[in-house]
There are 2 protein chains.
Amino acid sequence: MDNLKLIEKLSKPSASKIVLIVIDGLGGIPHHYSNKTELEIARTPNLDSLAANGICGLSEPIRPGVTPGSAPGHLALFGYDPLVFKIGRGVLEALGIDYHLRPGDIAARGNFCIMNQDGLITDRRAGRISTDEASKLCQLIDGIEIDGVKVITRPVKGHRLVTIFRGDDLNPELSDSDPQETGVPARNIAALNTEATYTASIANNFLAQVKEILYSERAANMILLRGFSRKPQFPSIADVYKLKAAAIANYPMYRGLARIIGMEVLETGQTEQEELLTLQHNYGKYDFFFVHFKKTDTAGEDGDFNRKVISLEHIDDLLPELNKLGPDVIVVTGDHSTPAMLKGHSWHPVPVLLHSRYCRPDKVSHFSEKDCINGGLGRILATDIMPLAMANALKMDKFGA
Amino acid sequence: MDNLKLIEKLSKPSASKIVLIVIDGLGGIPHHYSNKTELEIARTPNLDSLAANGICGLSEPIRPGVTPGSAPGHLALFGYDPLVFKIGRGVLEALGIDYHLRPGDIAARGNFCIMNQDGLITDRRAGRISTDEASKLCQLIDGIEIDGVKVITRPVKGHRLVTIFRGDDLNPELSDSDPQETGVPARNIAALNTEATYTASIANNFLAQVKEILYSERAANMILLRGFSRKPQFPSIADVYKLKAAAIANYPMYRGLARIIGMEVLETGQTEQEELLTLQHNYGKYDFFFVHFKKTDTAGEDGDFNRKVISLEHIDDLLPELNKLGPDVIVVTGDHSTPAMLKGHSWHPVPVLLHSRYCRPDKVSHFSEKDCINGGLGRILATDIMPLAMANALKMDKFGA
């Protein structure tokens, strides 16, 4: 029996509440100067206090040595094995902007980019143009029709856009046009099976038209597409866990991901403080909250060790207000590590802390990578976190007699 | 290859002896006053000495967050993955009273209960009536025949009984009549597939007759049935491990479970001291002993923290006598945790200690939940315990050349 089926069989509704705090890219590795990680340097008295009264460990998002993308990292946190439950990048982008995909729609993630006169990509993100600029460019290329297939383009955030192909007989088994490197031309989109041949020709035709339309634009003169995909059908969090779940996240992808497993996505602001306010205002209406804090990851990706430290401290400052709500179970973890020293996601396991009245506290009194090694949760799979949170919230029946 | 097949391939007979001590419900969580668990409060010098010279860890009976019932908890300890090897509750009860089920027999677990004049259940256990009272009631309803199907009822312990349906064309795919709550009527038994329709009608007819017969009884006026099932065919412990195995347990269910995997179940008394005597008397005749101590679990279920502490100390007192027998491998663990603070089974991993001449001792010198976190066994699945015991008894060939 797979894990999700087992939990679905055992889970039961109750009045208790779970708050899952995801500090994106939480884990780090030591800085060469201090020999300490971001979390070890950060002053986090409130996380430490939760750790001292809770149980800690390290979470393996996928499996040892495997660096997770944001989507699989989060799916694992929600208990969905990312090796089983797969979502195309295009679909995630569409969901993240509240774009309602119809059955049969094919979505692709796009980047506005800069190509030089030789057709080589010089900047895959067009200098990270603003959402406003991207919106204007999107309007120029939106609504193209090719052989009855309508191609819809929508801006996402910064240089990102989503492209939706709507028509009959489309198939998402397509390669990317985005080569994910500079100094090379964009790739021709290829059909990965024979049923996708038609869709590949539509997509290449579309890109040829975009190239002409954007030719003389300065902000960006081309788009790169990747992650052609269709909306998947996953078991909902309501069915699996019997939870009334809300997502508080200000970055589109995480909102889309939450929506695809049936969470209600709450309106919130761009700051952590606003996210906390959203939690406070909606606390009575749900029994599970996924609260996503993004800035730690962005700082890590930028290689900005100190900014990641400050982001961690900023999140720590919010915890007393969260504690006042009195959740039965608080889980604090990340979807993956993003060490500033690596300027990107990494394979390192992620600190996890669980606080509840019924946990079995360990000796860990400081929430850090090094301390979590000896935590009572041990080394767990990220997919084990939700069953543990459910158990601690007394929302699970026992297995067998 | 599944674990059991791998072990079956590698295991070999030898003169060495293994004693597996199962302290039912061993693990706990801290009491709110002392901040210590039952095992941390208990004075257990002999367990501590075994731990100091052995290797410790924490065992996950099913998987993280999942609270085991007694049967799956034990199957896992014997190396049988409880998600694969399933036994119906009715069968367990029948085996536990040494009732010989024939092929085709359908067994159900029963409770004597009290229903009020409106047909609502007011006490699912009839005030936990004595085994004597239950025996008398059983005789009143034993031997009913319906359309050639004989219905046999036998008392188990307290309010528990087992009902066996014996006849042609019976099928165990039936729902329970026991709603597992009070204030509601008993449920009609439903066929879960079309082949069970006939059996459902027999069972409902039987219950209607029981209702009439017990109508004016004071101790209990009805029975509730659940867990309709047929005896499963599992690989025997003799085949898997090449062991001549004996079970020493004084509670019916554990005896039945041991028998179903081919252990010989020894006659023993109701006290731990008598169980030890049984071990001593039979020590020469077997090379594997499963010794089951029940009282810790009962104390935990009753929420009696102190009684669980005393039960643990009582078991500890027996260890010097056990050591004198000189088993090659001693394993001490539990089938699950039963924290007094939760008054029931829980999901918390279970301390495990393995002592043998050939183990690799760790730094743990106190047998407790907190200390076991950093034990040399780490966090293992309960199904890994038997292979480890077998290895330490030098009863396993190497894998591959």
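Two strands pair if DSSP finds at least two bridges between them. Helices (H or I, at least four residues) and strands (E, at least two) are DSSP runs, numbered from the N terminus. In this predicted model, local features need pLDDT of at least 70 and side-chain atom pairs count only at pLDDT 80 or more, while totals for chains, interfaces and linings use all residues. Residues are numbered from 1 along each chain as its sequence is written, and chains are lettered from A and ligands numbered from 1 in the order in which they are written.

**Sheet of chain B**

- Eight strands of chain B form an open sheet with mixed pairing, in the order S10-S9-S11-S1-S12-S13-S2-S14.
- Strands S10 (264–265) and S14 (378–381) of chain B stand at the edges with a single partner strand each, so one side of each has no neighbour in the sheet.
- Strand S2 (residues 55–60) of chain B runs parallel to S14(B), and four bridges join them.
- B:Gly57 has B:Gly378 in S14(B) as its bridge partner.

**Domains of chain A**

- Chain A is assigned domain 1 (3–86 + 235–392) and domain 2 (92–229); the bounds come from an automatic or database domain assignment.
- The centres of domain 1 and domain 2 of chain A, taken over C-alpha atoms, are separated by 32 Å.
- Eight residues from domain 1 of chain A and seven residues from domain 2 of chain A make the contact, where two residues are in contact if their C-beta atoms, placed from the backbone, lie within 7 Å.
- Helix H9 (residues 252–260) of chain A supplies the largest share of the domain 1 side, seven residues.
- That side of domain 1 of chain A divides into five nonpolar, one polar and two charged residues. Ala, Val, Leu, Ile, Met, Phe, Trp, Tyr, Cys and Pro count as nonpolar, Asp, Glu, Lys and Arg as charged, and the others, Gly among them, as polar.

**Chains A and B**

- In the interface, 22 residues of chain A are in contact with 27 residues of chain B.
- On the side of chain A that touches chain B, helix H1 (3–10), strand S14 (378–381) and helix H14 (385–392) of chain A give two or more residues.
- H14(A) gives the most to that side, with four residues.
- By class, the side of chain A that touches chain B holds 13 nonpolar, four polar and five charged residues.
- Chain A superposes on chain B by a rotation of 121 degrees with 0.3 Å of shift along its axis (RMSD 0.3 Å). That is the relation of a three-fold axis.
- The superposition is by least squares on the C-alpha atoms of residues with pLDDT of at least 70 in both copies.
- A:Asn374 comes closest to the rotation axis of the residues of chain A, at 3.7 Å (C-alpha).
- Only 9% of the interface residues of chain A are also interface residues in chain B, so the copies meet through different surfaces.

**Nonpolar core**

- The largest nonpolar core has 248 residues, and A:Leu20, A:Ala389, B:Leu20 and B:Ala389 have the most contacts inside it.
- Such a core is a set of buried Ala, Val, Leu, Ile, Met, Phe, Trp, Tyr and Cys residues joined through C-beta atoms within 7 Å.
- Not counting residues up to four places away in sequence, A:Ala389 touches A:Ile18, A:Leu20, A:Val329, A:Val331 and A:Leu354.

**Positive phi in chain B**

- B:Asp147, in the loop between strands S5 (144–146) and S6 (149–155) of chain B, has a positive phi near 50 degrees.
- B:Asp147 is exposed, with 10 other C-beta atoms within 10 Å. A residue is buried if 20 or more other C-beta atoms lie within 10 Å of its own, exposed if 12 or fewer, and partly exposed in between, with C-beta atoms placed from the backbone.
- B:Gln180 has a positive phi near 60 degrees and counts as partly exposed, with 13 C-beta neighbours inside 10 Å.
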